[in-house]
Amino acid sequence: QVQLVESGGGLVQTGGSLRLSCTASGRSFSSYAMGWFRQTPWKEREFVSSITYIGRTYYTNSVKGRFTISRDNAKNTVYLQMDSLEPEDTAVYYCARARPSIRNGESLFNRQSYEYWGQGTQVTVSS
């Protein structure tokens, strides 16, 4: 069983920065695409960013130029650096590991493409 543990959330003012981390248990971390999603009480869980096993990255339009996803395979960890945060970024952020068959492309934008999820970490941006 794979476990994903997120950390790094918190309260920050508009324009501030946070870095989320997600560490995975198990083997072969480097072989899987990883993703970040977010959810608020009034919206479904939505795609934020993903990174393939070879490091190709994808972002939803609203975070392009502000968020950066990266991975450290030696540490089994994926990161989400969030800069220029806005109140609209307030949400619970979830890390997820893609299914083995999902390697790249727009399939990574879909929640159904992910097999394992973390417990989530709260990000609150005050205005």
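**Exercise 1. How many residues lie between β4 and β5 in their hairpin?**

Solution. The model used in these exercises is predicted.

Step 1. Locate the strands. β4 covers residues 34-39, and β5 covers residues 46-51.

Step 2. Find the connection. Six residues lie between β4 and β5, and the two strands form a hairpin.

Step 3. Check the pairing. β4 and β5 run antiparallel to each other, with five bridges between them. Within this pair, Met34 faces Ile51 of β5.

**Exercise 2. Determine which strand pairs with β5 over three bridges, and find the residue with a positive phi in the hairpin that the two strands make.**

Solution. 

Step 1. The partner is β6, residues 57-59, and its pairing with β5 over three bridges is antiparallel.

Step 2. A pair of facing residues can be named: Ser49 is opposite Tyr59 in β6.

Step 3. Five residues separate the strands in the hairpin of β5 and β6.

**Exercise 3. Decide whether Ser50 is buried or exposed, and list what Ser50 touches.**

Solution. 

Step 1. Ser50 belongs to strand β5.

Step 2. Look at the strand as a whole. Five of the six residues of β5 are buried, so the strand is mostly covered.

Step 3. Read the value for the residue. The relative accessible area of Ser50 is 0%. Buried means under 20%, so Ser50 is buried.

Step 4. List the contacts. Leaving out residues up to four places away in sequence, Ser50 touches Met34, Gly35, Arg56, Thr57, Tyr58, Ile69, Leu108 and Tyr114. Met34, one of these, is the residue that stands opposite Ile51.

**Exercise 4. Find the disulfide and state which parts of the chain the link ties together.**

Solution. 

Step 1. Count. The structure has one disulfide.

Step 2. Identify the partners. Cys22 is joined to Cys95, with an S to S distance of 2.0 Å.

Step 3. The angle about the S-S bond is -70 degrees, and the link of Cys22 and Cys95 is left-handed.

Step 4. Check the surroundings. Cys22 and Cys95 are both buried.

**Exercise 5. Trace the salt bridges of Asp89, then find the residues that are linked in a network.**

Solution. 

Step 1. Start from the total. The whole structure holds seven salt bridges.

Step 2. Take one partner of Asp89. Asp89 forms a salt bridge with Arg38, and their closest N and O atoms are 3.0 Å apart. This pair links distant parts of the chain, with Asp89 in the loop between β8 and β9 and Arg38 in strand β4, 51 residues apart. Both Asp89 and Arg38 are buried.

Step 3. Take another partner. Asp89 also meets Arg66 in a salt bridge, at 2.7 Å from N to O. Here Arg66 lies in the loop between β6 and β7, and the pair is 23 residues apart. Arg66 is buried, as is Asp89.

Step 4. Glu46 and Lys43 form a salt bridge at 3.2 Å, N to O. Glu46 has a relative accessible area of 25% and is partly exposed. Lys43 is likewise partly exposed, at 42%.

Step 5. The residues linked by salt bridges are Arg38, Lys43, Glu46, Arg66, Glu86 and Asp89.

**Exercise 6. Describe the chain as a whole: its secondary structure, its dimensions and its cover.**

Solution. 

Step 1. Count the elements. The chain has zero helices and 11 strands.

Step 2. Compare with the globule rule. The radius of gyration is 13 Å, close to the 14 Å given by the rule for 127 residues, so the chain is as compact as a globular protein of that length.

Step 3. The C-alpha trace spans about 40 × 25 × 25 Å along its principal axes.

Step 4. Of the 127 residues, 46% count as buried. The chain exposes about 6,600 Å², with carbon and sulfur atoms supplying 44% of this area.

Step 5. Turn to contacts. Among contacts with a separation of 6 or more, 59% are between residues 24 or more positions apart.

Methods
Residues numbered from 1 in each chain as written. Predicted model: local features only at pLDDT ≥ 70, side-chain atom pairs only at ≥ 80, totals over all residues. Heavy atoms only, no water. Buried < 20%, exposed > 50% of the residue type's maximum accessible area, 1.4 Å probe, protein only. Helix = DSSP H or I, 4+ residues; strand = E, 2+ residues; numbered from the N terminus. Pairing = 2+ DSSP bridges. Disulfide = S-S within 2.5 Å. Salt bridge = Lys/Arg side-chain N within 4 Å of Asp/Glu carboxyl O. Rg over C-alpha atoms; globule rule 2.2 N^0.38 Å. Contact = heavy atoms within 4.5 Å. Areas by Shrake-Rupley, 256 points an atom, 1.4 Å probe, with all protein chains shown as cover.
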